[in-house]
Amino acid sequence: MDECSYNFDKLPHHTIIIDVMIEVKNIKKSFDGVEILKGISTTFEKGKTNLVIGQSGSGKTVFLKSLLGLFTPEEGSILFDGKDYKTLSDEQKRELRTEMGMVFQGSALFDSMTVSENVMFPLRMFSNQPLSEMQDRVDFVLKRVNLIDAHHKYPAETSGGMQKRVAIARAIVMNPKYLFCDEPNSGLDPRTAIVIDNLIQEITDEYNITTVINTHDMNSVMEIGEKIVFLKDGHKAWEGTNKEIFKTDNKSVTDFVYSSDLFKKVREVYLKELED
Amino acid sequence: MIYLENIGRYFLMLKGVFSKMTKWSMLRNLIFKEIDDLIIGSMGIVCFISFFVGGVVAIQTALNINNPLIPKYLVGFATRQSVILEFAPTFISIIMAGKVGSFITSSIGTMRVTEQIDALEVMGVNSLNYLIFPKIIALSLYPFVITIAMFLGILGGWMASIYGGFSTSADFVQGLQIDFIPFHVTYAFVKTFVFSFILATIPSFYGYYMKGGALEVGKASTTAFVWTSVVIILINYLITQLLLT
């Protein structure tokens with residue numbers, strides 16, 4: 001990791017907090033009478049890259065937005081570090097949200113701001129540091145995501161991969177406890193997708209963040225899925241690690257993950273290696 | 001039923017706009033930006049329309065005075081009354097509903113479509129306050145725009161009368177001064193101030209709560225223009241009934 005003169009003690013949230021995790025208990029969510037989430041329970045542990053996978057329409061995005069508090073489940077509860085989101089006051093919810101970082105599918109960068117201003121936005125909004133310290137922190141996180149010369153560019157002037165990296169930089173600039181990513185690889189070429197995957201995993205390890213990623217990308221599943229939750233028709237159909245997904249005989253999972261011949265072969269090779 | 005639901009949601013939105021204020025250092029910059037976009041950016045079209053419509057009002061009045069018993073100063077009088085009472089505050093507000101209103105709806109709507117509003121919420125920012133409050137404050141300068149519209153409307157009428165040969169300068173100025181009731185200006189500014197709030201909030205409402213994609217942003221802009229205009233006309237009637245009768 002690159003050295004930086006930035007003083008982390010002055011950040012509103014500290015990186016070293018023990019046993020931070022997200023606990024989801026039987027959440028249900030409907031839209032216009034159609035039940036999208038049908039009672040999902042799971043846990044996301046600290047310092048792990050947790051992946052939520054499933055077919056389009058399986059409820060992944062609704063699930064992630066429920067975790068973020070953008071949707072309110074009709075039933076069930078979501079506990080952040082033991083605190084039930086539903087029982088928090090509006091002020092406490094806003095405080096909790098400052099501990100979250102989110103990478104949206106389309107990056108959701110502010111069009112009217114430069115890359116540097118986008119990344120600095122949460123700092124300007126929530127910290128009282130002098131501008132020079134904020135700029136140091138922005139330089140540090142942009143360097144961390146390998147964006148050196150993009151400070152003064154507007155989002156429209158950058159590529160999809162750069163926008164994703166700016167979104168990651170913005171998500172981590174406040175040293176969040178929780179990092180959420182919605183399809184971080186969508187629209188990216190395979191090489192850039194791997195770079196983004198590796199970056200998210202490195203950041204998760206370095207800062208001991210609880211990371212939850214929604215993805216369709218099977219490379220991500222194989223490479224960084226320390227915990228995988230498979231959703232099907234609003235239910236949790238399976239959960240396990242990227243090692244266990246090779247061995248599972250759950251038909252829903254195998255039909256989804258090994259739908260291509262390539263991944264079927266990868267699985268065969270992996271299982272053969274295990275036997276040997 | 002949907003109208004009642006929207007009215008309820010509009011007032012809940014207003015509650016959200018005035019709660020959990022954004023940090024002043026951020027808000028200040030946003031207000032200046034909105035003044036530039038909404039007020040300064042509208043000056044050109046307001047000045048252009050005011051000047052020429054003022055001229056047309058004077059010409060129309062002059063052409064319709066055939067009776068030699070009607071004094072010539074009536075052209076100036078009618079221009080003043082039309083411009084101060086209705087044209088500047090109401091007609092310009094309808095134009096602003098199209099110009100500023102569609103800009104507000106489409107900019108907020110695009111932020112909704114591209115998940116920028118979700119990004120604000122996830123960060124713990126009160127997006128309603130962050131996006132709408134600066135627009136309300138910026139548009140509170142709208143009465144200054146209307147002052148300029150009044151001035152240019154009357155100036156346009158004066159020039160059209162003189163250079164079109166419909167009236168002399170002395171007659172026109174006499175008409176401007178005759179039976180002047182200062183309360184009419186107060187009435188115009190009360191209306192303008194209320195309209196400025198409507199201009200900021202109704203288009204914001206349609207942008208903030210829109211669903212869908214680019215096509216829906218366009219539809220939301222159109223709907224916002226229609227409803228802003230309808231509300232301005234209704235409020236105009238109500239204020240006129242309350243203040244002038």
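Begin by selecting helix 3 (residues 74–113) and helix 6 (residues 142–163) of chain B, which pack against each other in this predicted model with their axes 9 Å apart. The angle between helix 3 and helix 6 of chain B is about 145 degrees, and the crossing of these two helices is right-handed.

Next, display the side chains at this contact. On helix 3 of chain B, select V75(B), T79(B), R80(B), V83(B), I84(B), F87(B), A88(B), P89(B) and I92(B). On helix 6 of chain B, the partners are I146(B), A149(B), M150(B), G153(B), I154(B), G157(B) and S161(B). Colouring the contact between helix 3 and helix 6 of chain B by residue class will show 11 nonpolar, four polar and one charged residues.

Now show the whole of chain B. Its secondary structure consists of nine helices and zero strands. The C-alpha atoms of chain B occupy a box of roughly 70 × 40 × 35 Å along the principal axes. Chain B has 245 residues, of which 42% count as buried. Among contacts in chain B with a separation of 6 or more, 89% join residues 24 or more positions apart.

Finally, bring chain A into view and select its boundary with chain B. Here, 15 residues of chain A are in contact with 13 residues of chain B. On the chain A side, the elements giving two or more residues are helix 2 (90–97), strand 6 (100–103) and helix 3 (115–126) of chain A. Coloured by class, the residues of chain A that touch chain B comprise nine nonpolar, two polar and four charged.

Conventions
Residues are numbered from 1 along each chain as its sequence is written. Chains are lettered from A and ligands numbered from 1 in the order in which they are written. This is a predicted model: local features need pLDDT of at least 70, side-chain atom pairs count only at pLDDT 80 or more; totals for chains, interfaces and linings use all residues. Helices (H or I, at least four residues) and strands (E, at least two) are DSSP runs, numbered from the N terminus. A residue is buried if 20 or more other C-beta atoms lie within 10 Å of its own, exposed if 12 or fewer, and partly exposed in between; C-beta atoms are placed from the backbone. Two residues are in contact if their C-beta atoms, placed from the backbone, lie within 7 Å. Ala, Val, Leu, Ile, Met, Phe, Trp, Tyr, Cys and Pro count as nonpolar, Asp, Glu, Lys and Arg as charged, and the others, Gly among them, as polar. Axes are lines fitted to C-alpha atoms, for helices over the stretch in contact, and angles run from 0 to 180 degrees between N-to-C directions. A crossing is left-handed if the near helix is turned anticlockwise from the far one by less than a right angle, and right-handed if clockwise.
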